[in-house]
Amino acid sequence: MRNIEARKVTEVVRRLCIEANCHLPGDMKERITACRACETFPVAQGILDQIIENYEIADRNDVPICQDTGLACVFIELGQEVHVEGDLEEAIHEGVRQGYIDGYLRKSVVRDPLDRVNTGDNTPAMIYYNLVPGDGLKITVAPKGAGSENMSQIRMLKPSDGLQGVKDFVLRVVEEAGPNPCPPIVVGVGIGGTFDKAALMAKQALVRPLDERNADPFYAALEEELLEKINALGVGPQGLGGRTTALAVNIVKCPTHIAALPVAVNINCHVTRHKTEVI
């Protein structure tokens with residue numbers, strides 16, 4: 001059994017909150033640059049140039065890529081042979097608290113969805129646990145802005161809707177979102193499970209590297225097909241037209257009930273931020 005002190009978790013989460021908000025992952029930068037090279041519409045070219053300039057400034061000056069520094073989504077992969085000395089959940093919240101205060105990041109969390117009083121420190125975080133073999137502790141912080149989150153949808157399709165129903169729903173969600181999620185976007189899709197599981201898988205899909213296709217050849221092909229059809233919609237960067245509406249479509253699937261076909265679409269903007277560290 002390996003022991004990890006809770007304060008170590010706090011230190012890591014604090015650092016990841018700041019780094020994720022200020023530095024776009026390399027795979028995102030590469031995909032944006034590649035899309036700029038293929039873009040033919042002058043307005044779209046100009047917007048992509050501004051997006052690239054923006055994240056380069058953020059890199060140089062260690063400032064947030066976007067003014068919406070998001071609600072901290074924290075994915076925890078906890079090894080079965082790990083014992084955390086202290087309160088793991090409170091350690092995560094404290095790391096978010098310190099990161100958002102020390103990093104001068106915008107605090108965007110309200111204590112109640114109806115009274116709308118700001119908590120003042122961007123807590124609580126949204127925490128997702130996964131128990132895995134081994135003695136490691138993997139922490140991924142993915143700040144999620146509301147502009148893209150608000151465009152996400154879930155639908156309990158009928159099994160008879162089949163593959164075409166899934167395709168139609170994903171395309172409809174993106175088309176209805178239009179310019180609102182600050183395209184070019186990353187589209188996370190969860191298929192199967194239950195109502196809540198599909199939504200979680202869609203969110204997990206957003207932290208998968210863009211240069212990794214689905215391990216299942218069928219779903220890898222479906223990702224590419226959906227990406228092509230989404231980009232054919234012509235929404236374009238910031239909704240002003242062009243070939244670059246989405247940078248990637250990432251699908252996660254799992255078994256489901258014989259009478260169910262849950263599909264969730266979780267959209268992220270071109271600032272798809274996430275940072276991972278293994279303790």
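A cavity, in what follows, is a set of grid points where a 1.4 Å probe fits but cannot get out, and its lining residues have an atom within 4 Å of a point. With that settled, one caution: the model is predicted.

I will start with the cavity and then go to the salt bridges. How many cavities of 30 Å³ or more does the structure hold? The structure holds one. The largest cavity has a volume of about 70 Å³. Its lining consists of Cys73, Phe75, Ala142, Pro143, Lys144, Lys203, Leu206, Val207, Asn268, Thr272, Arg273 and His274. Sorted by class, that lining has six nonpolar residues, three polar and three charged.

Now the strands around it. Two of them, β2 at 71–79 and β5 at 137–144, each supply at least two residues of the lining. Which element gives the most? That is β5, with three residues. β5 is also mostly covered, seven of its eight residues being buried.

β2 and β5 pair with each other in the antiparallel sense, over eight bridges. β5 has another antiparallel partner, strand β10, residues 275–278, joined to β5 by four bridges. Here Ile139 has Glu277 in β10 as its bridge partner.

Next, the charged side chains. Side chains of opposite charge can pair when their charged atoms come close. The cut-off I use is a side-chain nitrogen of Lys or Arg within 4 Å of a carboxyl oxygen of Asp or Glu. By this rule there are 20 salt bridges.

Take Glu225 and Lys167, whose side chains meet in a salt bridge at 2.8 Å, N to O. Lys167, at 10%, counts as buried, because the limit for buried is under 20%.

Lys229 forms a salt bridge with Glu225, and the closest N and O atoms are 2.8 Å apart. In this case both residues lie in helix α8, four residues apart, which is about one turn of the helix. Lys229 has a relative accessibility of 34%, so Lys229 counts as partly exposed.

The next pair is Arg208 with Glu223, again a salt bridge at 2.8 Å, N to O. Arg208 lies in the loop between α7 (195–205) and α8, while Glu223 is in helix α8, so the pair ties together parts that are 15 residues apart in sequence. As for accessibility, Arg208 is at 15% and therefore counts as buried. Glu223 is buried as well, with a relative accessible area of 1%.

Last item. Which residues are linked in a network of salt bridges? They are Glu90, Glu94, Arg97 and Asp121.

To recap, there is one cavity of 30 Å³ or more, with β5 giving the most to the lining of the largest cavity, and there are 20 salt bridges by the rule above. That is the end of my part.

Note on methods: Residues numbered from 1 in each chain as written. Predicted model: local features only at pLDDT ≥ 70, side-chain atom pairs only at ≥ 80, totals over all residues. Heavy atoms only, no water. 1 Å grid on protein atoms, 1.4 Å probe; cavity = no way out; pocket = protein on both sides within 12 Å on 5 of 7 lines; lining within 4 Å. Points joined across faces, edges and corners; volume = space filled by probe spheres on them. Nonpolar A, V, L, I, M, F, W, Y, C, P; charged D, E, K, R; others polar. Buried < 20%, exposed > 50% of the residue type's maximum accessible area, 1.4 Å probe, protein only. Pairing = 2+ DSSP bridges.
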